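User: I am new to this structure. Can you show me how to read its helices?

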Amino acid sequence: MCDFLIECLLLLLLAAMPLASGAVGPWSIALIECSAALMFLSWIFKSTAGNKYASASQPLILSVLLFIVYITAQLLFSATAYFYATRAELLKVVSYALIFIVVFNTVKTKRQFDRIIFVIITMGFMMSIFFL
């Protein structure tokens, strides 16, 4: 059930964000952030129910977490030129990191990869046809 919800939210994001003109509007950023939070909560629920935890020792996950720590340190020590923009971008980076961690630990089968690739190719084809 949780895998299905995670995959549906991921496919929704992959299909909706190109239509949102690159996801730069406040409503589309909010959609990404809410979807990321819901995907992460579903993954946490699935992980705790099955007693399977992802290790943060994976080099990719560790590097993403270090980048978030670096941005947070900038905010805490006022080492940023524009506090509000840094905070807003931190929220986006955290959302992207949550999506990355969930996808990294959830998408395992060839069938899941095929569905994701199909949505990406279909959206690219549709955009090339309709937005010329």
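User: What covers the buried residues of H2?

Analyst: This is a predicted model. Start with which residues are buried, then look for what lies against them. In H2, the buried residues are Ser28, Ile29, Ile32, Ser35, Ala36, Met39, Ser42, Trp43 and Ser47. Their cover includes H1 and H4.

User: Why do residues three or four places apart point the same way?

Analyst: An α-helix has 3.6 residues a turn, so residues at that spacing point the same way. Now take H4. Its buried residues include Thr86, Leu90, Val93, Ala97 and Ile101. The buried residues of H4 pack against H1, H2, H3 and H5.

User: What span should H4 have, at 1.5 Å a residue?

Analyst: Compare the expected span with the distance between the end C-alpha atoms. The 24 residues of H4 (83-106) should span 34 Å, and the ends are 34 Å apart, so the two agree. H2 has 25 residues and reaches 36 Å, close to the 36 Å expected. After H2 comes asparagine 51, with a positive phi near 55°.

User: At what angle do H1 and H5 pack?

Analyst: Read the angle and the axis distance together. H1 (residues 2-19) and H5 (residues 110-130) pack at about 15°, with axes 10 Å apart. Under 35 degrees counts as roughly parallel, so H1 is roughly parallel to H5. Their crossing is right-handed.

User: Which residues make that contact?

Analyst: From H1, they include Leu10, Leu14 and Pro18. From H5, they include Ile116, Val119 and Met123. The residues of this contact divide into 11 nonpolar, 1 polar and 2 charged.

Technical notes: Residues numbered from 1 in each chain as written. Predicted model: local features only at pLDDT ≥ 70, side-chain atom pairs only at ≥ 80, totals over all residues. Heavy atoms only, no water. Axes fitted to C-alpha atoms, helices over the stretch in contact; angles between N-to-C directions. Helix = DSSP H or I, 4+ residues; strand = E, 2+ residues; numbered from the N terminus. Parallel < 35°, antiparallel > 145°, perpendicular 65-115°, else oblique. Left-handed = near helix turned anticlockwise from the far one by under 90°. Contact = heavy atoms within 4.5 Å. Nonpolar A, V, L, I, M, F, W, Y, C, P; charged D, E, K, R; others polar. Expected span 1.5 Å × (residues − 1). Buried < 20%, exposed > 50% of the residue type's maximum accessible area, 1.4 Å probe, protein only.
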